[in-house]
Amino acid sequence: MEATSDVIRSGEIEIRTSDGLVLAGGRVVSMSVREFRLLCALVAREGRIVAREDLYRAAWEAPLRDGDRSVDVYVHKLRVKLENALPGQAFIHTHFGFGYRFAPR
């Protein structure tokens, strides 16, 4: 991961944090605010497993409630968007019982 003051790069993914913009292979990927926050939280910890509770806190700015599957739903949406933008690549990996890990391959 490469980061400047407001740009984070990982492989072909570029996140312009001050603009709320994500580019994949140079093309804009449209995202909701929650998707954007989740992606930023994952990329900031690239290669490390991030707990669902931490991702929820990053995107919703509140503690995760028991039984809430919002993180899983939004991670799925992110996967679809990134993999549609860059076919044949995987970005977000599930670690059952632990959380998610961002590692482009």
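Q: Which residue in S8 stands opposite Ile49?
A: This is a predicted model, in which local features need pLDDT of at least 70, side-chain atom pairs count only at pLDDT 80 or more, and totals for chains, interfaces and linings use all residues. Residues are numbered from 1 along each chain as its sequence is written, and side-chain values use heavy atoms, without hydrogens and water. Three bridges join S6 to strand S8 (residues 99-102), and the two run antiparallel; strands (E, at least two residues) and helices (H or I, at least four) are DSSP runs numbered from the N terminus, and two strands pair if DSSP finds at least two bridges between them. Opposite Ile49 stands Arg101.

Q: What is the order of the strands in the open sheet of three strands?
A: Strand S6 (49-51) and strand S7 (92-95) are the edge strands, each pairing on one side only. The pairing is antiparallel, and the order is S6-S8-S7.

Q: At about how many degrees to S8 does helix H1 run?
A: Axes are lines fitted to C-alpha atoms, for helices over the stretch in contact (heavy atoms within 4.5 Å). Angles run from 0 to 180 degrees between N-to-C directions. Helix H1 (residues 33-44) lies across S6, S7 and S8, and its angle to S8 is about 70 degrees.
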